[in-house]
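The sequence and structure come first.

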Amino acid sequence: MDVIKTYGNILKNNMDNPDKVLKYLKVGYNLQYLSLKLKGDKNLPKSLNYLSELCMKFTLEPLKKPDRAAFVNIFTPTEFLHAFDMYPQLIEAMSSYLSGTKCEDGFIDRAEREGITESLCSYHKTFVGAAMSKVLPTPRFAITTTTACDANVNTFRLASEIYGIESFVLDIPYEYSKDGEEYVKEQLKEMVTFIEDNLKEKLNEDKLKEIILTENKTIEYHEKYLNLLKNKYFPNTVTSEMFKVFTTHPGMGRKDTLKFYEMLLKDIENYPELKPKKKILWAHVLPFYSESIREYLDCNKDYQLLISDMNVDYLHKLDVNDPYGSIARKIINNSYNGPFERRGNNIVKFAKELNADGVVNFCHWGCKESSGGTLILKDMLNENSIPMLSIDGDAVDRRNSQEGQNKTRLEAFFEMLENNGGK
């Protein structure tokens, strides 16, 4: 019996009763949180077990305390929210967790019935369906950016209308310039005023500086971990690498995120001196439910999953004495902002630094950025003698998965790496 599928069917069958669905979600997620705390996965190091527990905590916080929650996208500067003791609800992550309970299709179908186009990114479609169903509790407000995904602004505008909440959009310049930095810096100050007006509270600038110091320490530990990963096998899974998006984005600046990277560094330092046969860098999101991909990359000493480029899209410390300016630079210079070549250069950089034998580029359903940049990325990697496999799929909606085709293509790609030494 598939317990999760049964649980998902119960959720879908009660979508007309959103309070009941929310109650079931919180009960299910709380039970999973307790299970992770008490048992964990014996095949994973302590740090990755803590990561699973931490991300469940991140997901539950805005569901339990919506009055202190805000809808955000992956590039929202949540350092300011942490300074207000607020809980970011990352919409893409919420969609992933709904997919984890095998009920994403119910919310996607609801969104499409209401006129949402089939070609929209399934992360956004799942979230929009959940919003239309009023399953998610009403947050205090919403903050998004124009970065990378062209669905962000429309999705957040619609969610704001559905819930009757205010929203704030950060308009991010395509290229960096000093004028552009000042432009975003002023918007950040306006955003803080927006938060203060909604909460009737004032920003504690000293607390913001403390959060930035914590973020800088986190980046330091992360960089030390990556330096050791260059020449050493360390267990990883498709799900764990997606979980890290929490810690590299909305969780940045939190003490518990810092604790994870402290544990991660300690674990890899103490891990046996092993080297994988082949090392794979993943580009873009990972379909955590895909059995064929997990078969090859979960805790596999032959094919080491190094990182997703999403988790190294900006690894630079912030200036504690210029928080607004340094956060503005962070958003503008993110590898997912601007021309695709910027992201391609970042992928090439880390592929070289981590001694990757190949890159797998995942073209997620509805994502124009990942699909449109495929040929550019392939050319850039070819120029650096780094093999690339591009596969299509859906990181949320199982109905759009291509398990058989992707398994065949992965097998052929890894066989090619074995035959030519990865070059």
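## Asp19

In this predicted model, Asp19 sits in helix α2, which covers residues 18-38. Asp19 has a relative accessible area of 63%, above the 50% cut-off, and therefore counts as exposed. Val135 is 116 residues away from Asp19 in sequence, yet the two C-alpha atoms are 6.6 Å apart in space.

## Two loop lysines with positive phi

Most residues other than glycine have a negative phi. Lys102 has a positive value, near 60°. Lys102 belongs to the loop that links α5 (91-100) with α6 (104-113). Its relative accessibility is 25%, so Lys102 counts as partly exposed.

Lys134 also has a positive phi, near 60°. The loop that holds Lys134 runs between α7 (122-132) and β3 (141-145). With a relative accessibility of 41%, Lys134 is classed as partly exposed.

## The pair β3 and β4

Strands of a sheet pair through backbone hydrogen bonds, either parallel or antiparallel. For β3 and β4 the pairing is parallel, and four bridges make it up. Within this pairing, Ile143 has Phe168 of β4 as its bridge partner.

In a regular strand the side chains alternate between the two faces of the sheet. Strand β4 (residues 167-170) has Phe168 and Leu170 on its covered face, while Ser167 and Val169 are on the uncovered one.

## The four-stranded sheet

An open sheet is formed by four strands in the order β6-β5-β7-β8, with parallel pairing. The edge positions are taken by β6 (303-308) and β8 (388-393); each has a single partner strand, so one side of each has no neighbour in the sheet. From one strand to the next, the twist averages 25°.

Inside this order, β5 (residues 278-283) and β7 (residues 358-364) run parallel and are joined by four bridges. Ala283 is placed opposite Asn361 of β7. Helix α15 (residues 340-353) lies across β5, β6 and β7, and its direction makes an angle of about 160° with β5.

Is Gln304 buried or exposed? Its relative accessible area is 2%, so Gln304 is buried, the cut-off for that class being under 20%.

Apart from neighbours within four places in sequence, the contacts of Gln304 are with Leu229, Tyr233, Phe234, Pro276, Lys278, Lys279 and Ile280. Strand β5 covers residues 278-283, and Lys278, Lys279 and Ile280 are among the contacts of Gln304.

## Helix α17

Helix α17 (residues 374-383) has Thr374, Leu377, Met380 and Leu381 as its buried residues. Viewed down the axis of α17, these buried residues fall within an arc of 130° and so line one face of the helix. An α-helix has 3.6 residues a turn, so residues three or four places apart point the same way. Leu375 and Glu383, on the other side of α17, are exposed.

What do the buried residues of α17 pack against? Their partners are β5, α15, β7, α16 (368-372) and β8. After α17 comes Ser385, which has a positive phi near 55°.

## The chain as a whole

The protein chain contains 18 helices and eight strands. Its radius of gyration is 21 Å, close to the 22 Å given by the globule rule for 423 residues, so the chain is as compact as a globular protein of that length. The C-alpha trace spans about 60 × 55 × 40 Å along its principal axes.

Of the 423 residues, 60% are buried. The chain exposes about 17,300 Å², and carbon and sulfur atoms supply 49% of that area. When contacts between residues at least 6 apart in sequence are taken, 78% of them join residues at least 24 apart.

Note on methods. Residues are numbered from 1 along each chain as its sequence is written. This is a predicted model: local features need pLDDT of at least 70, side-chain atom pairs count only at pLDDT 80 or more; totals for chains, interfaces and linings use all residues. Side-chain values use heavy atoms; hydrogens and water are left out. Buried means under 20% relative accessible area, exposed over 50%, partly exposed in between (1.4 Å probe, protein chains only). Two strands pair if DSSP finds at least two bridges between them. Axes are lines fitted to C-alpha atoms, for helices over the stretch in contact, and angles run from 0 to 180 degrees between N-to-C directions. Contact means heavy atoms within 4.5 Å. The arc is that of the directions from the helix axis to the C-beta atoms. The radius of gyration is taken over C-alpha atoms; the globule rule is 2.2 Å times the number of residues to the power 0.38. Accessible areas come from the Shrake-Rupley method with a 1.4 Å probe; for residues, only the protein chains shown count as cover.
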